[in-house]
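Hi there,

Here is the structure I promised to pass on. Have a look at it first, and my notes follow below.

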Amino acid sequence: MKKTLIIVIDLIIMMLILFFIIQYANTKMNESNESVAEAFEKMTVTAEQIITNYLEDEQHLCDIWANYINRMAEAGEPMTMEEAISFVRKAKLYPTIYGHLILTDDSSKSGISTHPNAKDPDDYSVSYRNINLFDRIDEISREDGVVSLTRAYTNPQNGVQSIAFMNFVTILDESTGELKEALLMRVEPVSLLEDKFVFLKGEYENEEISLINKDGDYLVHGKSLKNSNFFEFYKSYNNANIADYENMIEEVTSKTGTMTLTNSKGEECVISYTPLTSMDTWFLLSYIPAEELKATNSVVDWLLLGMVTLGLMVLLGFNYLVLRLYNIKLAEAAEAANQANAAKSHFLSTMSHDIRTPMNAILGLNEMILRNSREEEIIAYSESIRTAGKTLLGIINDILDFSKIEAGKMDIICVDYYFASMLNDLVNMVQGKAQEKGLLFNLDIDRNIPMILHGDEIRIKQIITNILSNAVKYTKEGSITFRVGFEKIEEEPDSIRLIVSVSDTGIGIKPENMNSLFTAFERIDESRNRNIEGTGLGMSIAQNFLAMMGSRIEVESEYGKGSTFSFELVQGVKDFSPIGNYEEAFKNGILNREKYRESFTAPGARILVVDDTPVNLTVFANLLKRTKVQIDSANSGDEAILLWKRRIYDIVFLDHMMPDKDGIETLKEMKGIEDTPNGEVPVICLTANAISGMRKTYIDAGFDDYITKPIDPDNLEALLLKYLPKDKINVAEPDSEDDDFFIPEFIWGIGSLDADRGITYCGGRENYMLTLKSYLDAAENNANEIEKYSDAGDIKNLTIKIHALKSTSRMIGAAKLGEFAARLEDLGKAGDMEKVKEGLNELLFMYRKLISDLEPLYQYDEKTDETKDGKPLIADEDIKKAYEELAGFCDSFDYDSVIDTLKKLEKYKFPEAETARFEALKEAVDNFDYDKIPEILHRKDG
Amino acid sequence: MKTKGILKNTLVSVSVISLVSALAACGGISKGDDAEFKPGLPSDTTCQIKVAGNYSNFESLESEFERFYEYYPNVTLNYVYLDDYENTISSALSSDEAPDIYVTGSWMLDEEKMKPVFENAEILSDPALNINLDCVRKGARWTLDNGDVVMLPIFTRSYGMLVNMDIFEKNSLKVPENYKELVETCDKLKAAGYENPIMGANVTTVAGMYYAFSFPLFCANVIEHPESVSALNSMDKSAGEMMRPALEKIKTFVDEGYMNPALCSEEIEDDYNAVILRFFEGDVPMMLGSGDMVSGTQKRESKSEAFIADPFKYKFYVVPSGDDGGYFLDSVNLFFSVNKNSSNLDMTNEFIRFLMREKELGNMSAVKRLITPTNDFSLDEVYSSLDDFPEDRSFNNREIGLNDDVNNEFRAAAYKVANGILTVDEAVSEYGNLWDD
């Protein structure tokens, strides 16, 4: 996971935690806000009760005055205004509280006061004429205990904002002697009331208490409530529509509640309101900035929240650091792992090279042995070497493939391929082996399979080879059936689904072993199958390849009876023409192959081979000897470059791994040279690196192609056919009867002899061999006679002898000798004995050299003589040794070796006493009845 | 008829020299006066300041309180409305709860009973107070004869007309600048289908249409004939001739159908609310009225359905009743005085110092939509026509020297002539007996 991703996830988690905390806090806050608002409202109600009590108390005091005055009137001793106000003056406690007695029937609303006018100490009169205070005089209660309160107004006597508690009194009009009604007012400065409010604030520092009347006019005016009217204030600073406005008025003047509004500064504020109990004309408003209310809300521990956030940040930072530290370590570990992997790759590459290089020598030289040797025994050994070598190469390839798969570097490279050709290779590979084991190899190939498919031919071949090889390996008797069918895919008209299955009548697989079938390095039923070679990688590799191609191997098996391995694979189709009868195609293919293998020489072509290992150069040269291609060799890059500049080549084979200057460096230097006749010449890489993907490396490096070591002669010849100029390739005559006649390899190697030409002159291989033999038989005698005629000065006979030599030499393809002889013959015919004698020594030298080169023909001849009557008789000693080997192989359950040994023994003729035993051994092997072998070997008689 | 003795004794018109110097000073500082207020007291000073006045509602002042709190957050400023202000302010000033700042008016200077009000007033021209009096324009200044300043103008008003700028723009008309253009404009408007180019309240008040239309013209005539002031003030019948030019123009406008008193009475019930709402109907090119009418427009825009549906641009202009243009009658609406016995005099003076700046006075006027006492009319576009108004056509009542009775007589004459109750000649000849209580 990338570092950034982890940090992002960390941050998201952090954010989620914080989000949760904040949401939770908000919820709690909201709940708490509600309860805080409720508490504030309760406080308002409490304040209202206190204020009401206060007002009622003040009203009560006013009522006491009024009652006294009224009782006096009721008692028949009504007080005059002066007496009444004098009484009030005495009764009141505070100097700031005024008593006003106003005559209600007086339009000027005037009367007398307990206090003199501020402007005139002798003037006790008071007038409310200019103060609009008694509009609703009728609504003033005459009952005791009911608060009758004015709005806040300016006391006309002292200019102080005041409120007045009122009650009606009956007084005596001195002038008329009649009783009159007057309004008694207990006038108090509003500040007195406001002072009481200070004690109501409680815990709220910025709380402001206001009292308003029904019209919104203030009795007590809080500082923050601008405007002289609360309702106007609301309207001014809150964008309320008429409905909201009226609703607000209705709410405030009818019930207890709380509302949030905006003050003159645009700040949120909370106002709790409640009507003053027992007075439906006054309403208490408690104002508080919403911020303060929130501040009193301590539900959310912001410190805790802050610390949690900080903690999370620290944790994130710490995580990041730790992550970085681990990343550094991981990077180091990854680097180390990469280095190890690189080392592994290097090791594999080196191993591949190092094993393949000696293997090249082994198999190459072995190939030479196979070609040159006429001894059956040697050839048999050599065949074994080839088989074992190929097996070893297969194992190395498997390991390389598996490593590649593990490293994820195995690529599926799709190419167009001839399906029949792939089948050829598969059948070629397996059919022989199956036949060797006496197994019936059945083919069931759908003849409508498209001719050219698109897919990774090499991997598919590898998969099927693995399955087929396993089938052969684990089947003792019976048959192997290779089926290939196909079906069309509707959704993909350009593709088909190949259905491949291989059924055998082999040992089968136990159900419990099914699971380990495709596990690398695991071989099922190991104890039973240990004699069967393999790494246990084959099926695993096959399964991996199929997985890469979107398929898998299915297995059906019955232990002891056989198995069927099958898979389906989608392949693109390039040509829907059916492959037709495959067997026929196969045979045609073989015929074609044989043709080209045996028909091509290119004596006019010249190639350069570069390899730092001399034996590789030898192997290479020998492999191509039959083609007559002229080969120059170089054992270093520099040497190759020198030749590249000097001579014209048709192909250059360049080894990749060389000391000092490797193949790629050499190629670059070569391509950089302008002054060379080889500008467009194809350069083919020789490499022991068989790791997949190398082809691309070499092509990218500028090579035209590559061939792996050990060099497969077929592949090499195919490359030559591909890259040599067509005009330099000689196609031999159509098949002759003796095309199969054996011509020893050394004949092809004699420089002064052009065997191809000789075969042509002699009209076939067998004739050629007979001619050669007669040439050789007569040679020594002929040479002696030439010397003899020369010494005798018999120019005529000498000339005849030289003529014969010319003809026979030309006949066998010894053109140079023939030409030389022709010149001497001409001199002889001209009677120039002296000049003839001068050239004769050289002629005889060349002649004897050729004879010497041809002498191995005698040995060959002897060998063939020996086997003429069938097989060589095996020595008793060899029989004993072979039997001991067989017993050992049986003890180690190495049945392959048993088979091999028996095959070798088949090439010999057995003494009669041992014939029966040998036949019994063969039968046991054919029947996979290996247990019987030790018993047969221990029998006293055959 | 109030005596002019006090006025004469305590106040003299600003001398020409002081006028010139003040003008220079004002001109010099008017544009540069917006320097940031620099508090002179510790910002954590805690005290309460009370402002008393006769406005039941004083939002524009409250907005200044808020601005002042930015410098002195612990100061509490309160505005208190006093009932029967005229009678209670002097008592209030001597009470325990005396205001620190209180509203005064020019009329108070003439009233004997108001004497205590000014006895309690602090001399604000004391250089030690560092109050910038120079930002007040010439016509709005009130100075005692000894040069002391005890009243600071806060709002002023004038008389003129609201012009529906959209109608003028739509008809490609420019606002007339003299009487001739006014007549031509009225003709064009009538031709364009505006049957009543000029409307207003058909009443005798100062907010009525005739006062705004012709009183400044009458004043200009009086200023040209200063010898007539005495005769006019003493209700000398012969002085009635001074009204003739103004009355004749009224008569002309009525006769020409530019003004229709009967229709105005029918459609405009009062001289304030109804005038404004009728103007907002959007079909009156010119609506005559006082500065109070302009002040009332702000809150009534949202109350006029017609204006909400089809708002238009409008501005205040003086009526171009003279041959060279209109006359700007500068009238201070409201003054502030400071209680010299204030227990928080320093902070009170600090507030006054804060307030007496073009910016704050302009803000207050803009909130109230009255005319600022300074020369900077930029804060309210409605009054932008007053910017750079010619000095020779600006005057105030104090300069003219006419008493309220003359004012009443003229308003009665104008009303009666306009409504056909009297001819111009009759009105002129009946000077002194025109006003009916």
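What share of the residues of chain A count as buried? Of its 942 residues, 32% do, where buried takes 20 or more other C-beta atoms within 10 Å of a residue's own, with C-beta atoms placed from the backbone.

Before going further, please note that this is a predicted model, in which local features need pLDDT of at least 70 and side-chain atom pairs count only at pLDDT 80 or more, while totals for chains, interfaces and linings use all residues. Residues are numbered from 1 along each chain as its sequence is written, and chains are lettered from A and ligands numbered from 1 in the order in which they are written.

**Chain A overall**

Chain A has 29 helices and 26 strands; these are DSSP runs numbered from the N terminus, H or I of at least four residues for helices and E of at least two for strands. Among the contacts in chain A with a separation of 6 or more, 66% join residues 24 or more positions apart. A contact here is a pair of residues whose C-beta atoms, placed from the backbone, lie within 7 Å.

**A helix pair**

Helix α21 (residues 765-792) and helix α24 (residues 833-854) of chain A have axes that come within 10 Å and cross at roughly 155 degrees. The axes are lines fitted to C-alpha atoms over the stretch in contact, and angles run from 0 to 180 degrees between N-to-C directions. α21(A) and α24(A) are therefore roughly antiparallel, the word for angles over 145 degrees. Residues that meet there include A:L772, A:L776 and A:I786 from α21(A), and A:L840, A:L844 and A:I851 from α24(A). By type, the residues of this contact are 10 nonpolar, 1 polar and 4 charged (nonpolar: Ala, Val, Leu, Ile, Met, Phe, Trp, Tyr, Cys and Pro; charged: Asp, Glu, Lys and Arg; polar: the others, Gly among them).

**Where the chains touch**

Chain B puts 22 residues in contact with 23 residues of chain A. On the chain B side, α4(B) gives the largest share, 8 residues. That side divides into 6 nonpolar, 10 polar and 6 charged residues.

**Some strands to look at**

In chain A, β2 (residues 98-103) pairs with β3 (residues 110-113) in the antiparallel sense over 3 bridges; pairing takes at least two DSSP bridges. A:L101 stands opposite A:I112 in β3(A). The hairpin of β2(A) and β3(A) has 6 residues between the strands, and A:K109 takes a positive phi near 45 degrees.

Happy to chat about any of this!

Best wishes

Technical notes. Buried ≥ 20, exposed ≤ 12 C-beta atoms within 10 Å, placed from the backbone. Contact = placed C-beta atoms within 7 Å. Parallel < 35°, antiparallel > 145°, perpendicular 65-115°, else oblique.
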